[in-house]
Amino acid sequence: MNWIYKKWWKWLGAVLLFYVLIGSFFVKLGPGITKVSPSVFGTDSVYTFQISGYHTHFTSAEAEKVQLWFKNGSQYFAPTSLKILSNDIVEVQFGFSSLQQGTIQPAVFDIVMNDEKDGTFALRDGLTLAKASVIDSTQTVLAQVTEPKVKNNKHNLVCFPYREILYETIRNTFFHVPMWFVMTMLVFASFIGSILYLWKGTTKWDVLASQSVVVALLFGTCGYLTGLVWAKYTWYIGVSWGDVLQKLLLEDIKMAAALIAIFFYVAYLVVRSSISDPEKRGKVGAVFSIFAFVVFVLCVFVLPRLTDSMHPGNGGNPAFSKYDLDSTLRMFFYPAVIGWILLGFWILSILIRMQFIKQKQSS
Amino acid sequence: MKKYFALALSLLSVIFTSAQGVTETQDFFASNLKIYVVVAVLAIILSCIFIFLLAIDRRLKELENKGAARN
């Protein structure tokens, strides 16, 4: 185990994490639409809508190159006029005539926009067509059904994807997700250490097995707590913390199973601390650790995939698909995973060295 | 040692209680496209690591004291 005294990988971990922190603070979110006002309209007249963008570049694109459609099903409707007020606000006029009223049902529209610099972006279900309160029979404005034509669907900006519901929290990909990667690696190290201890009987493998569980629990706790906070503000906004905890811990298989896996490793440490004979402690611990690793893999990787869960990556919920990780996210996600893993093993190496000193003192 | 630990705990509790007060009234964490959720996540990770470091510190102190007693 000479690696615990080497320095280069600790430096590598520090540099990678520094890079990830800088990147996650300074890279902007991509273009998106935050708001349409008013968000409800009728068939009684032509309405003027203000559409607010986020990190968009309307003024830098040529006026006629900014396009906007209201999309319902597979039909695209073009507005009658479009005015650019600023980089992130456009004003459009749009309405259905009373002549069309028979054919237009109350509907929900997506707003789809395209400009040269930002590519295509949309707001899902942004606008609702309610029944008209006043029917003006002289209205003759017709909303046009159009065939959208765009030059560039994708932008060339360096930015994180703008996702509805997630918004800025997409940056948590570099903090919450790697916590579990680190825990998995450390728990695997404990598994390997336990096997080697049972095979060779050297105490250093027992030290590796037990200390990596301590660090794994640190990162598991971090992963769990960050997951709770992220989940509350993604899935349960406005729900009280008590209800959120009940929903996540008792009703969602992923969270419940992860908690069970964590408790198995807490039990491992409790069992170890209750045995005073070192040799017996090592053997019982090694068997327990191998057993706990099997439970960990079942709980974290197998069980949640069998049923439904809110968590991405389970029960038909994709994670790490091409939609979840675009190239800019990847640029920081992989360094984040490696960096956090190296940090975890750095802490582990310190704990192991302390145990070695302790053994030297007591012998 | 205990003094530092208590200080850290009280600081944390101040942060969390004040944050809770704000969420109940106007959902502070959901504002500004949820950027404060990222801040909360980083704060949780850093405070966990900080508490862990304090624990290591305490264990190391015990080792040092034992070593000093033997010499």
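Colleague: Which residue stands opposite A:Leu82 in β7(A)?

Modeller: That's A:Val92. Bear in mind that we're looking at a predicted model.

Colleague: What makes β6(A) and β7(A) a pair of strands?

Modeller: The cut-off is at least two bridges between the strands. β6(A) and β7, residues 89–94 of chain A, have 5 bridges in the antiparallel sense, so they count as paired.

Colleague: And how do you know that β3(A) pairs with β7(A)?

Modeller: By the bridges again: there are 6 of them, also antiparallel, and at least two are needed, so β3(A) and β7(A) pair.

Colleague: What about β1(A) and β3(A)?

Modeller: β1(A) pairs with β3, residues 47–54 of chain A, in the antiparallel sense over 5 bridges. One example is A:Ser37, whose bridge partner in β3(A) is A:Gln50.

Colleague: What order do the strands of the open sheet take?

Modeller: The open sheet has 4 strands in the order β1-β3-β7-β6 of chain A, with antiparallel pairing. The twist averages 25° from one strand to the next.

Colleague: Why are β1 and β6 called edge strands?

Modeller: Each of them, β1 (32–37) and β6 (81–86) of chain A, pairs on one side only.

Colleague: On to the helices. Why are α5(A) and α6(A) described by their relative direction as they are?

Modeller: The axes of α5 (residues 253–273) and α6 (residues 278–306) of chain A cross at roughly 175° and come within 9 Å. Angles over 145 degrees count as roughly antiparallel, and therefore α5(A) and α6(A) are roughly antiparallel to each other.

Colleague: Which residues meet there?

Modeller: On the α5(A) side they include A:Ile260, A:Phe264, A:Tyr268 and A:Arg272, and among those in α6(A) are A:Arg281, A:Phe288, A:Val295 and A:Leu303. The contact divides into 18 nonpolar, 2 polar and 3 charged residues.

Colleague: How many residues does each chain put into the contact between A and B?

Modeller: Chain B gives 22 residues and chain A gives 22 residues. On the chain B side, that's 16 nonpolar, 1 polar and 5 charged.

Colleague: And what does chain A look like overall, in secondary structure and burial?

Modeller: Chain A comes to 7 helices and 10 strands. Of its 363 residues, 36% are buried, where a residue needs 20 or more other C-beta atoms within 10 Å of its own to count as buried. Among contacts in chain A with a separation of 6 or more, residues 24 or more positions apart account for 74%.

Notes
Residues are numbered from 1 along each chain as its sequence is written. Chains are lettered from A and ligands numbered from 1 in the order in which they are written. This is a predicted model: local features need pLDDT of at least 70, side-chain atom pairs count only at pLDDT 80 or more; totals for chains, interfaces and linings use all residues. Axes are lines fitted to C-alpha atoms, for helices over the stretch in contact, and angles run from 0 to 180 degrees between N-to-C directions. Two residues are in contact if their C-beta atoms, placed from the backbone, lie within 7 Å. Ala, Val, Leu, Ile, Met, Phe, Trp, Tyr, Cys and Pro count as nonpolar, Asp, Glu, Lys and Arg as charged, and the others, Gly among them, as polar. Angles under 35 degrees count as roughly parallel, over 145 as roughly antiparallel, 65 to 115 as roughly perpendicular and the rest as oblique. A residue is buried if 20 or more other C-beta atoms lie within 10 Å of its own, exposed if 12 or fewer, and partly exposed in between; C-beta atoms are placed from the backbone.
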